[in-house]
Amino acid sequence: MSERLDVEVLSRREELEALREPWSALWQRCPAATAFQRPEWLIPWCRALGPEEVLALVFRSDEGIVGLAPLAVHRIGGERVVALLGAGISDYNDVLAASGYERAVADAALACLEERADAWDVADLHDLRPSSPLLLAEAPPGWSDEVEKHEACPAVTIPEGAGLDALFPPGMRARVARARKRLARAGDLRLDVADAASVDELIEALFANHKARWRSRGEGGVLDEALRPFHREAARALCARGALRLFGLRLDGRIIASLYGFAERGGLASYITGFDPELAWYSPGLVMLASAIEHAAREGARTVDFLRGREPYKYDWGAVDRWTFRRRLRRRGAHGAGREVGQGEGAVQAVMSGEASPEVGLVRLLGAAGDLEAAAGAIDAARPAAGEGEQAARLEALRRCLDERRAGCTTVAAMLGAHRGAPSIAGEDARGACRSTARLFDELCERSEEASVAAYSLGDPELLERATREVVELLERWGAIGEDRAILQIGCGIGRFEAALAPRVREAWGLDVSPRMIEAARRRCAGRSNVVLAVSSGVDLGDAPSARFDLVYAVDSFPYIVAAGPEVVDRLVAEARRALRPGGELVVLGYSYRGDPARDAADVARLAARHGFDVLTSGERVFSLWDARAYRLRKIEQR
């Protein structure tokens with residue numbers, strides 16, 4: 001959804017109260033929303049626990065209200081921190097965005113924060129699920145951006161059509177049956193579910209059981225006196241909406257165990273439980289939870305979400321972790337004063353500091369200077385500052401690289417000029433951007449096959465072989481290749497990795513948008529019966545089979561995918577997941593050319609969260625010749 005949204009900023013809690021009914025209507029239009037985004041939860045939170053001033057952003061289109069970002073600014077440790085309302089006691093936080101408006105709402109929310117940058121220091125957005133629009137939106141230029149795993153929320157999936165006797169693992173069924181028999185011998189057992197008449201009694205019983213249970217362990221629990229007014233109000237309001245699932249297990253009329261949860265979107269969320277510790281031998285908590293799950297199944301629930309926390313009992317029911325994420329955004333201030341370092345001088349300094357190899361530094365320098373003579377002048381101008389130590393030695397290595405490889409440098413300078421002269425793909429649709437990239441690499445491949453896939457090889461086959469060997473050795477160290485493994489490369493270029501890896505794997509696939517490069521790859525891999533090479537659209541993996549590959553990898557091709565737009569990146573990562581077997585890995589070597597490693601790492605973390613990958617390696621410098629950063633992701637089955 002690309003239309004511009006109008007924004008209204010609400011700064012007082014009373015304004016949120018007035019928005020209650022439109023807010024509820026918006027919640028209904030948001031398929032992924034949870035009880036923690038309902039006004040029945042957040043308005044009581046604001047009244048009992050929140051700040052006097054809020055920063056709630058209401059977004060409207062021609063359809064009316066299509067989004068809400070319920071924010072506030074808190075002072076924490078001397079910083080002004082933007083956070084979502086309800087943070088701390090809500091297990092899932094998020095914006096609300098009507099279906100089809102998710103990206104537009106998240107982008108508009110960050111744009112509003114940018115416009116009010118003088119009012120805050122850091123935005124700390126946590127307990128975001130992988131599908132959160134706030135993980136998808138790109139940070140504005142100049143912001144630092146960190147994304148990390150935050151909390152595990154174990155959950156159980158109820159098989160479709162499962163009867164009550166198949167809801168629990170076999171061992172758990174036996175435990176529940178034994179506990180029920182013990183309680184039945186002790187008295188009359190009954191399960192109550194809160195309605196308007198009983199909600200107050202059941203919430204007070206929850207407080208009492210929770211307090212008693214935690215006090216028996218010498219701890220205070222999470223329902224202290226300060227929180228109880230909030231929970232009383234929220235429980236009543238959620239009950240009125242039909243969203244509350246507050247259970248009380250009665251033994252001879254006395255409530256001996258409680259479960260406070262929510263029914264939403266075909267699932268039960270278990271928020272807090274408690275039971276009378278004097279009856280622990282009877283396992284009332286176990287029976288309570290089993291009864292709540294059975295009740296949910298009869299209502300048609302397909303999931304039971306135990307929410308955050310990795311308490312062992314959750315896994316006894318067959319729960320599998322689903323992770324939330326934390327995103328921290330900070331608008332950078334101006335760095336230093338005075339003259340900025342020019343791009344050419346910056347390339348020279350990168351070599352002198354050891355950040356870049358002479359070969360990579362030379363490519364950067366040629367790109368900035370435009371020709372060999374200007375590049376040589378930039379190197380000579382740096383000599384006084386280099387002195388006579390290690391920096392001087394690196395500078396001389398850079399100059400020697402230029403002098404000894406002048407022919408290759410001339411070719412690379414011309415190729416970099418072709419890069420600069422190529423029409424921008426910004427604004428093109430995905431397939432148009434990929435066609436433009438294909439035309440560019442057809443031309444570059446004709447000039448120099450080696451330099452077209454690695455400019456820092458300077459067209460030298462020996463340097464290209466050295467660079468290829470570094471990548472192969474990395475994949476071996478990671479255990480990503482082996483004789484029983486199938487691998488697929490996104491952007492295979494002239495087939496250098498397929499030729500190198502074919503003897504080490506069961507099958508090696510390579511896809512590229514450039515027909516000329518695929519021709520070169522087929523020549524290079526001639527006679528390799530386990531190599532499959534094909535021209536691709538650039539926006540998907542074509543006919544690559546699903547769940548076939550142990551490794552999908554990209555070597556310096558992702559920068560062009562990133563340049564084609566976030567939708568292309570998102571689709572290719574989804575395609576990689578489709579093609580990978582369970583536990584398979586996606587390796588991206590070089591994510592973008594933006595020169596912002598923190599932003600790249602944040603993008604990769606968001607993509608991993610959204611598509612069901614664990615991040616094993618994030619932005620590490622792993623090569624001596626090439627300056628690319630490595631990202632290694634592993635496919636997980638539960639998200």
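User: A pocket is an open set of points on a 1 Å grid over the protein atoms alone, where a 1.4 Å probe fits, with protein on both sides within 12 Å along at least five of seven lines. How much space lies in the second largest pocket?

Analyst: The model is predicted, so that local features need pLDDT of at least 70 and side-chain atom pairs count only at pLDDT 80 or more, while totals for chains, interfaces and linings use all residues. Residues are numbered from 1 along each chain as its sequence is written, and side-chain values use heavy atoms, with hydrogens and water left out. With grid points joined across faces, edges and corners, and volume taken as the space filled by probe spheres set on the points, the second largest pocket holds about 1,000 Å³.

User: Which residues lining the second largest pocket are the closest to its centre?

Analyst: Lining residues are those with an atom within 4 Å of a point, and 35 of them surround the second largest pocket. By class, 17 are nonpolar (Ala, Val, Leu, Ile, Met, Phe, Trp, Tyr, Cys and Pro), nine are charged (Asp, Glu, Lys and Arg) and nine are polar (the others, Gly among them). The closest to the centre are Trp214, Thr273, Glu311, Tyr313 and Lys314.

User: Which element gives the largest share of the lining of the second largest pocket?

Analyst: Helices (H or I, at least four residues) and strands (E, at least two) are DSSP runs numbered from the N terminus. Elements that each supply at least two lining residues include α6 (170-186), α7 (199-216), β11 (254-264) and α9 (284-298). The largest share, six residues, comes from β12.

User: Which are the edge strands of the six-stranded open sheet?

Analyst: Two strands pair if DSSP finds at least two bridges between them, and the open sheet, with mixed pairing, has the order β8-β13-β12-β11-β10-β9. Within this sheet, β10 and β11 run antiparallel and are joined by eight bridges, with Gly248 having Ser258 in β11 as its bridge partner. Pairing on one side only, the edge strands are β8 (155-157) and β9 (189-193).

User: Why does the salt bridge of Arg610 with Asp570 tie together parts of the chain that are 40 residues apart?

Analyst: In this salt bridge, the closest N and O atoms of Arg610 and Asp570 are 2.7 Å apart. The pair ties those parts together because Arg610 lies in helix α24 and Asp570 in helix α23 (residues 566-579).

Note on methods:
A salt bridge is a side-chain nitrogen of Lys or Arg within 4 Å of a carboxyl oxygen of Asp or Glu.
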